[in-house]
Amino acid sequence: MLEKWLYKGMIDDPYNEFFVEEFGEGCQLEQVQRKYELVYDTYWEKRYSLNIQQVPLFLGKIAEKVLHTGKYLNVIRHCGYNVQCPDSKEIKYTLVEREYMECIETAYAFASQRLLSLLMEEHKLMERLSSIKSFFLMGQGDVFVHFMDMAEHELRKKHDDIVASRIESLLDLAVRTSVAANDPFKEDLKVDIVPYDLITQLFRIINVRVTLWTYRTSVPCF
């Protein structure tokens, strides 16, 4: 069980003996979120957790690292990649702690490096953050100046009368005629018309944050 978790990010525990527990066992991401009302921010935090009472004494110091190793591999698998630690060795308990600790450290190093590589290189995390800064934090404010000038008439209409496709076309035009035209992720910018104003949206965001904070501060410490 330990090797499968460390080297593949998978749990095979028919008798509930393993110290890593899976929340919503056997369900896909969307099914777990729908069934247990989990949001993306807390999915990986809640999906897998340690059962402290079942952690073997000789793994007590490194149990968190074991948990994170499997989690990292599981994230990669959910992204559609087949992953397995290339330096996988049989893990046996011995009186020489260094022998099994090295196997766990090697698996952890591989999993964390592979996930980091996936985020930074294949999914271009820094470039995407830069794009978010440009569009949502007004790093390139001329986009929204152009957009608001062109869409003013349409946006003055009542919610039910606004044509989303027209707004999206105007946004696309504003992007392509601004300095953001060279942004590699401009095609990911979409329009979503919601039936409430900005103040309501901000209160919704604050409410989510308060809920997450309440959950995190209510978790018992061991």
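Biologist: How many helices and strands are there in the protein?

Modeller: Nine helices and two strands, taken as DSSP runs numbered from the N terminus, with helices (H or I) of at least four residues and strands (E) of at least two. From the N terminus on, they run α-β-α-α-β-α-α-α-α-α-α. A word on the basis: this is a predicted model, where local features need pLDDT of at least 70 and side-chain atom pairs count only at pLDDT 80 or more, while totals for chains, interfaces and linings use all residues. Residues are numbered from 1 along each chain as its sequence is written, and side-chain values use heavy atoms, with hydrogens and water left out.

Biologist: What share of the residues counts as buried?

Modeller: 29% of the 222 residues, where buried means under 20% relative accessible area with a 1.4 Å probe, protein chains only.

Biologist: OK, and which residues have the most contacts inside the largest nonpolar core?

Modeller: Leu2, Leu6, Phe19, Val20 and Val66, in a core of 22 residues. A nonpolar core here is a set of buried Ala, Val, Leu, Ile, Met, Phe, Trp, Tyr and Cys residues joined through side-chain atoms within 4.5 Å. Helix α5 gives the largest share of this core, five residues.

Biologist: What does Leu6 touch?

Modeller: Val66, Thr69, Leu73, Ile91, Ile104 and Ala107, not counting residues up to four places away in sequence. Contact means heavy atoms within 4.5 Å. Apart from that core lies another, of 12 residues, including Phe147 and Ile162.

Biologist: Switching to Ile167, why does it count as buried?

Modeller: Because its relative accessibility is 3%. Ile167 lies in helix α8 and, leaving aside neighbours within four places in sequence, is in contact with Phe147, Ala151, Glu154, Leu155, Ile162 and Val191.

Biologist: Now pockets. How much space lies in the largest pocket?

Modeller: About 1100 Å³, the space filled by probe spheres set on grid points that are joined across faces, edges and corners. On a 1 Å grid over the protein atoms alone, a pocket is an open set of points where a 1.4 Å probe fits, with protein on both sides within 12 Å along at least five of seven lines.

Biologist: Which residues lie nearest its centre?

Modeller: Phe136, Phe144, Asp192, Val194 and Leu198, out of 26 lining residues, meaning those with an atom within 4 Å of a point. The elements giving two or more residues to that lining are α6, α7, α8 and α9.

Key: Buried < 20%, exposed > 50% of the residue type's maximum accessible area, 1.4 Å probe, protein only.
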